[in-house]
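Let's go through this structure together, one feature at a time. Have the sequence and the 3D view ready.

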Amino acid sequence: MVPFAIHATRGLLRDERSRRKTMAVALLVAVLMLVAGLTVLRPCLNPHEHPWRFILFWFACAWETVLVLLLALLDMLLIRARARAARQQFREEFSKGTLSEPPNTPERE
């Protein structure tokens, strides 16, 4: 079970589209938990009457929020790394003079 979970997590983190969908769903869940905890579930989460329910619910809400923040940080770092690699490749091509010619543009008369 553990190797499968690790493999699935790697696949999820490497695929940009899946990672962003997961981030959106986790953010939606965190916002819904926040709204529900402050409105509908407020009587059930009274810390004086149900301390463990209160602690577990808000811990889960914080967990979702941290998950979203970490996924966003990972996404930002991967985007920066991709941009850095593209700049480096451009510099190498430019220094070699192997850039493709710009498309033909009509000459001005």
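Q: How many helices and strands are there in the protein?

A: Helices (H or I, at least four residues) and strands (E, at least two) are DSSP runs, numbered from the N terminus. Here you get three helices and zero strands, and reading along the sequence gives the pattern α-α-α.

Q: What kind of model is this, and how are its residues numbered?

A: It's a predicted model, where local features need pLDDT of at least 70 and side-chain atom pairs count only at pLDDT 80 or more, while totals for chains, interfaces and linings use all residues. Residues are numbered from 1 along each chain as its sequence is written, and side-chain values use heavy atoms, with hydrogens and water left out.

Q: What is the mean pLDDT of the protein?

A: First the idea: pLDDT is the predictor's confidence in each residue, from 0 to 100. The mean for this protein is 89, and 89% of its residues reach 70 or more.

Q: How do I read "buried", and what share of the residues is buried?

A: Buried means under 20% relative accessible area, exposed means over 50%, and partly exposed is in between (1.4 Å probe, protein chains only). Of the 109 residues in the protein, 12% are buried. One case is D75, which is found in helix α3: D75 counts as buried because its relative accessible area is 8%.

Q: Which residues is D75 in contact with, apart from its neighbours within four places in sequence?

A: Contact means heavy atoms within 4.5 Å. With those neighbours set aside, D75 touches R19, R20 and M23. For the protein overall, take the contacts with a separation of 6 or more: residues 24 or more positions apart account for 60% of them.

Q: What is a salt bridge, and how many are there?

A: Side chains of opposite charge can pair when their charged atoms come close. The rule used here is a side-chain nitrogen of Lys or Arg within 4 Å of a carboxyl oxygen of Asp or Glu. That gives a count of four. One of them joins E16 and R20, with the closest N and O atoms 3.0 Å apart. These two are separated by about one helical turn because they sit four residues apart in helix α2.

Q: Which parts of the chain does the salt bridge between E16 and R82 link?

A: Their side chains meet at 3.1 Å, N to O. This pair links distant parts of the chain, with E16 in helix α2 and R82 in helix α3, 66 residues apart. R82 counts as partly exposed because its relative accessibility is 45%.

Q: Are R19 and D75 buried or exposed?

A: Both are buried, and they form a salt bridge too, with the closest N and O atoms 2.8 Å apart. R19 lies in helix α2 and D75 in helix α3, so this pair ties together parts 56 residues apart in sequence. Through shared partners, salt bridges join E16, R19, R20, D75 and R82 into one network.

Q: Which residues form the nonpolar patch on the surface?

A: Patches are made of residues with over 30% relative accessible area and no salt bridge; like charges are joined within 9 Å, nonpolar side chains (Val, Leu, Ile, Met, Phe, Trp, Tyr) within 5 Å. This one is formed by V66, L70, L73, M76 and L77, with about 450 Å² of accessible area together. L73 is in helix α3 (residues 51–96).

Key. Areas by Shrake-Rupley, 256 points an atom, 1.4 Å probe, with all protein chains shown as cover.
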